[in-house]
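Reader: Please take a close look at how charged side chains pair in the model below. I would like the cut-offs stated, and the surroundings described as well.

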Amino acid sequence: MKSIKTRVLVVVFMLGTLVNYANNTNLETNLDAKKIKVAFKDAKKGHQLIIKNSAGVILHTEEVEKKGDLVKVFDFSKLENGNYTLELEKDFEIIIKSVKVKETEIIFDEASERKIFKPVVRNEANTLMISKIAFDKKPLQVTLFFNDEIILSETVVSETILNRVYKLDNEQKGEYKVIIRNNNRSYTNQFKI
């Protein structure tokens, strides 16, 4: 009786192992080598997830729908060979991850992750305040418009932390717009006085 139970257990164990092996082998052959799983920490509802090619052309964009860690699987099988970026645009920073598509594989370099801090623009009464952290020390161009005419243009170079305060004429009521260019990106903020 013990011998029969032992044999039944061995057969059940072997059958389970065989089924598990068959399922895993089938799963592996069905996986596409051009799919990638990407994770971003501390995403919030409303943040933007963007995929760009090496020329900066946006190929995909979507809005984050819930707060927490964001984990997405992307299928790169339709993309040509080349370099791509996945960017999570948060409130005050942009997190960039690089991906390279090469023939039948995707090369995802975790070490290439970088952050770009976005400028913070505030306006109180007739004062415009701009702050930006720029660890890369790349030039930052500030252009201020009043009713679609440039009233100020300034390029700031080699400052790790930019803090600028501009006093606006309290008598000049109307539409203002500030455009800040840095790292081949532009940030626009509009306000009224």
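Author: The account below starts with the conventions, then turns to the charged pairs and their surroundings.

This is a predicted model, in which local features need pLDDT of at least 70 and side-chain atom pairs count only at pLDDT 80 or more, while totals for chains, interfaces and linings use all residues. Residues are numbered from 1 along each chain as its sequence is written, and side-chain values use heavy atoms, with hydrogens and water left out.

The protein chain has one helix and 14 strands; helices (H or I, at least four residues) and strands (E, at least two) are DSSP runs, numbered from the N terminus. Of its 193 residues, 31% are buried. Here buried means under 20% relative accessible area, exposed means over 50%, and partly exposed is in between, with a 1.4 Å probe and protein chains only.

Side chains of opposite charge can pair when their charged atoms come close. The rule used for a salt bridge is a side-chain nitrogen of Lys or Arg within 4 Å of a carboxyl oxygen of Asp or Glu. By this rule there are 10 salt bridges.

One of them joins Lys44 to Asp91, with 3.7 Å between the closest N and O atoms. Lys44 sits in the loop between strand 1 and strand 2, and Asp91 in the loop between strand 5 and strand 6, so this pair ties together parts that are 47 residues apart in sequence. Lys44 is partly exposed because its relative accessibility is 39%. Asp91 is also partly exposed, at 42%.

Glu89 and Lys118 form another salt bridge, and their closest N and O atoms are 3.2 Å apart. This pair too links distant parts of the chain, with Glu89 in strand 5 and Lys118 in the loop between strand 7 (105-117) and strand 8 (120-124), 29 residues apart. The two ends fall into separate classes of accessibility: Glu89 is partly exposed at 28%, whereas Lys118 is buried at 15%.

A salt bridge also joins the side chains of Glu93 and Lys90, at 3.9 Å from N to O. Glu93 counts as buried because its relative accessibility is 15%, and Lys90 counts as buried at 10%.

Which residues are linked in a network of salt bridges? They are Lys52, Glu87 and Arg185. Arg185 belongs to strand 14 (residues 185-192) and is buried, with a relative accessible area of 15%. The side chains of Arg185 and Glu87 are joined by a polar contact of 2.9 Å; a polar contact is a pair of N or O atoms within 3.5 Å, where within protein one must be able to donate a hydrogen and the other to accept it, and residues adjacent in sequence count only if both atoms are side-chain atoms. Contact in general means heavy atoms within 4.5 Å. With neighbours within four places in sequence set aside, the contacts of Arg185 are Lys52, Glu87, Ile94, Ile96, Ile116 and Ile180.

The nonpolar side chains come next. A nonpolar core is a set of buried Ala, Val, Leu, Ile, Met, Phe, Trp, Tyr and Cys residues joined through side-chain atoms within 4.5 Å. The largest such core has 17 residues, and those with the most contacts inside it are Ile36, Phe40, Leu70, Phe74, Phe76 and Leu86. At least two residues of this core come from each of strand 1 (35-43), strand 2 (48-53), strand 4 (68-75), strand 5 (82-89) and strand 6 (93-102). Strand 1 supplies the largest share, four residues.

Leu70 touches Val38, Ala39, Phe40, Ala43, Leu49, Val64 and Leu88, leaving out residues up to four places away in sequence. Phe74 lies in strand 4 and is buried at 10% relative accessibility. The C-alpha atoms of Phe74 and Lys37 are 6.4 Å apart, although 37 residues separate them along the chain.

For the chain as a whole, 52% of the contacts between residues at least 6 apart in sequence join residues at least 24 apart.
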